[in-house]
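Open the model in your viewer and keep the selection panel at hand.

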Amino acid sequence: MADRVVCTISEGVADVRLNRPDKLNALDIAMFTALAETAAAVAQTPGVRAVVLSGEGRSFCAGLDLAAFSAMARGERLGPAEDPGALGADGLSLGQRAVLAWHDLAVPVVAALRGHALGGGLQLALGADIRIAAPDTVLSVYEINWGLTPDMAGTQLLPRLVGPDVAAELTFTGRLVDAAEADRIGLVTRVVDDPTAAAHELAARIAAANPDAIQTAKRLLQQAQAPMQDGLAAERAALAKIMGSPHQREAAAAAIEKRKPEFTEVHRG
């Protein structure tokens, strides 16, 4: 999976980069797997005290690979080998694991964002402890545009940052948010011209501090938040119900064909 994610370690900082710049670092199964495996490897590497998570090229991550949505629009359900929603032995989907692997790392993770952080790309950024964005960054809880709900822990992580009402508005609309607004509503930590340099500067400062204190502080900060296991299970159940349904296929087809979707009826519950 080294072709999808590149990781180098220097002076206690793991520099982790999504490495699919020709596709704006879009998420496919190989990328999901590489993200989870890289996080696991970082967790087992002695001396790592901080992580910088970024994307090669002009975007952090534009979301799920368009090929997957094209298959949905044709009414095809993904098989377990191609489905980021398929459950693993830990009870998590691959998509959830790719995000929570970074969220659950003992050491702090700083995400450096530029270009696009859309859909799954935004959810990946939410798994970091800190998000530093370039002025050109565009963010979106984009899933509703494909007739889906966020399914990579986004429903649990987003409200903790921006509050339930803002999280609802962003999730229900899928609208694009520029860096200035993202900074204002707390979706990103701050906006700087060179987020990668700023992220490395911050990571180096963290790496120079008492690692016991830093790791304890991260754990305590996370314990101050409500448990998310029930919400994660509900997130998986919701996606299983929605993905491949007639309305979801119509939403995906309309998005690909750049037309207004036509929904026949509203299903409740």
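Two strands count as paired if DSSP finds at least two bridges between them; strands (E, at least two residues) and helices (H or I, at least four) are DSSP runs numbered from the N terminus. This is a predicted model, in which local features need pLDDT of at least 70 and side-chain atom pairs count only at pLDDT 80 or more, while totals for chains, interfaces and linings use all residues. Residues are numbered from 1 along each chain as its sequence is written, and side-chain values use heavy atoms, leaving out hydrogens and water.

Select the sheet. It is open, with six strands in the order β1-β2-β3-β4-β6-β9 and mixed pairing. β1 (5–10) and β9 (190–191) stand at the edges with a single partner strand each, so one side of each has no neighbour in the sheet.

Next, select β1 and β2 (residues 13–18): they run antiparallel, joined by six bridges. Val6 has Arg17 of β2 as its bridge partner.

β2 and β3 pair in the parallel sense over six bridges, and Leu18 has Gly55 of β3 as its bridge partner.

Stay on β3 and show side chains. Ala50, Val52 and Ser54 point one way, Val51, Leu53 and Gly55 the other, and all are buried (under 20% relative accessible area, 1.4 Å probe, protein chains only).

Terms used:
Buried < 20%, exposed > 50% of the residue type's maximum accessible area, 1.4 Å probe, protein only.
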